[in-house]
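Reader: I am new to this structure and would like to learn how to read it. Could you take me through it step by step?

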Amino acid sequence: MKIVSTVEELRHTLPTDQTIGFVPTMGYLHEGHMSLVENARRENDLVVMSIFVNPTQFGPNEDLDRYPRDFERDEKLAREAGVDLLFYPTTETMYPLDMARVTVRKGADVLCGASRLGHFDGVLTIVSKLFNLVQPTRAYFGLKDAQQVALIEGYVRDYFVPVEIRRCPIIREETGLAKSSRNVYLSDTEKEDASQIFKALTTARETLEAGHDLEEVKQRLTERLHEIPNSQIDYVELVDYPTLADASSDSKEILMAVAVQFERARLIDNVIWKKG
Ligand code: AMP
């Protein structure tokens, strides 16, 4: 595995005659990231991973400074997973002038976008920069961040970016807790409590499947999440997927997404219900 940090090195190293599967991450790797690498390896000649904690997607009161980082460990895991090229740039490299950024027009006023103002502008800005640098054939994103996937797909369509976006399933602990770099902020008790989130979402999907109306499903899901100790609900929403518009009885896919704040970590999770 080759590690590069500058634009020049990256451009020099990238082949022009092979398919490239790209896995962008913020590091502190876990099995969720590894599953993206596995998919990328299966479908491409070469796998490129980036590790960059992107400052523009963090709000002023968010956890940018204390976001977990361990490059040595990440390097080892990436190598073992079969990453061919690891791009590990500095903020100065990724934002040489910071004169231009991408803005989201639709779909950023719900779910995480409503509570994290400007977050998705930051996400699309960095994804756009990374796509221009790596020029991947396919790029792999986890449905753990379902809103992010929908907005990246929208960006790729609107800007005619020549890349195929691959959606990958959520990887979970045995308890159901979705793997996340931020889970290190949870105590053992909180981890156990947090596993209720997926159970609540699964029940909600069953309730929807059984024909209950959207309002009722949302209400029951909210009640269930309220019962989780030492936590606060940030949002519970049911939206049409991937348009992120209000869900309706005509929706073919409904994203049931939640964010729950624990003492030191805000966790997100979701399930997607598909008609038929
Ligand atoms: P992050 O490092 O948190 O920015 O995540 C990098 C990529 O890994 C994103 O596409 C995430 O959606 C994906 N990812 C994070 N956690 C999981 C998970 N538990 N299962 C699947 N994909 C994940």
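Author: Gladly! Let us begin at the ligand. There are 17 residues around it, and M26, H33, D145, I171 and K179 come nearest. Keep in mind that this is a predicted model.

Reader: Now the protein as a whole. Which domains does the assignment give?

Author: The domain assignment gives domain 1, residues 2-168, and domain 2, residues 181-274. Taken over C-alpha atoms, their centres are 25 Å apart.

Reader: How many residues are in contact between domain 1 and domain 2, and what area is buried there?

Author: On the contact side, 25 residues of domain 1 meet 19 residues of domain 2. The buried area between the two domains is about 1900 Å², with 54% of it from carbon and sulfur atoms. Within domain 1, the residues that lose the most area to domain 2 are R66, L111 and K144, which together make up 30% of what that side buries.

Reader: How many salt bridges and polar contacts are counted between domain 1 and domain 2?

Author: The count is one salt bridge between the domains, along with 12 residue pairs in polar contact. As for salt bridges, the side chains of D63 and R182 form one, with N and O 2.8 Å apart.

Reader: Which elements give two or more residues to the side of domain 1 that touches domain 2?

Author: They are α5 (111-115) and α7 (146-158). Helix α7 gives the most, with six residues. By class, this side of domain 1 has 12 nonpolar, six polar and seven charged residues.

Reader: How many salt bridges are there by this rule, and which residue does R167 pair with?

Author: The count comes to 15 salt bridges. R167 pairs with E153, and their closest N and O atoms are 2.8 Å apart. This pair links distant parts of the chain: R167 is in strand β6 (residues 164-168) and E153 is in helix α7, 14 residues apart.

Notes: Residues numbered from 1 in each chain as written. Predicted model: local features only at pLDDT ≥ 70, side-chain atom pairs only at ≥ 80, totals over all residues. Heavy atoms only, no water. Domains from an automatic or database assignment. Contact = heavy atoms within 4.5 Å. Buried area = accessible area lost by both parts, 1.4 Å probe. Salt bridge = Lys/Arg side-chain N within 4 Å of Asp/Glu carboxyl O. Polar contact = N/O pair within 3.5 Å; in protein donor to acceptor, adjacent residues only side chain to side chain. Helix = DSSP H or I, 4+ residues; strand = E, 2+ residues; numbered from the N terminus. Nonpolar A, V, L, I, M, F, W, Y, C, P; charged D, E, K, R; others polar. Near = heavy atom within 4 Å.
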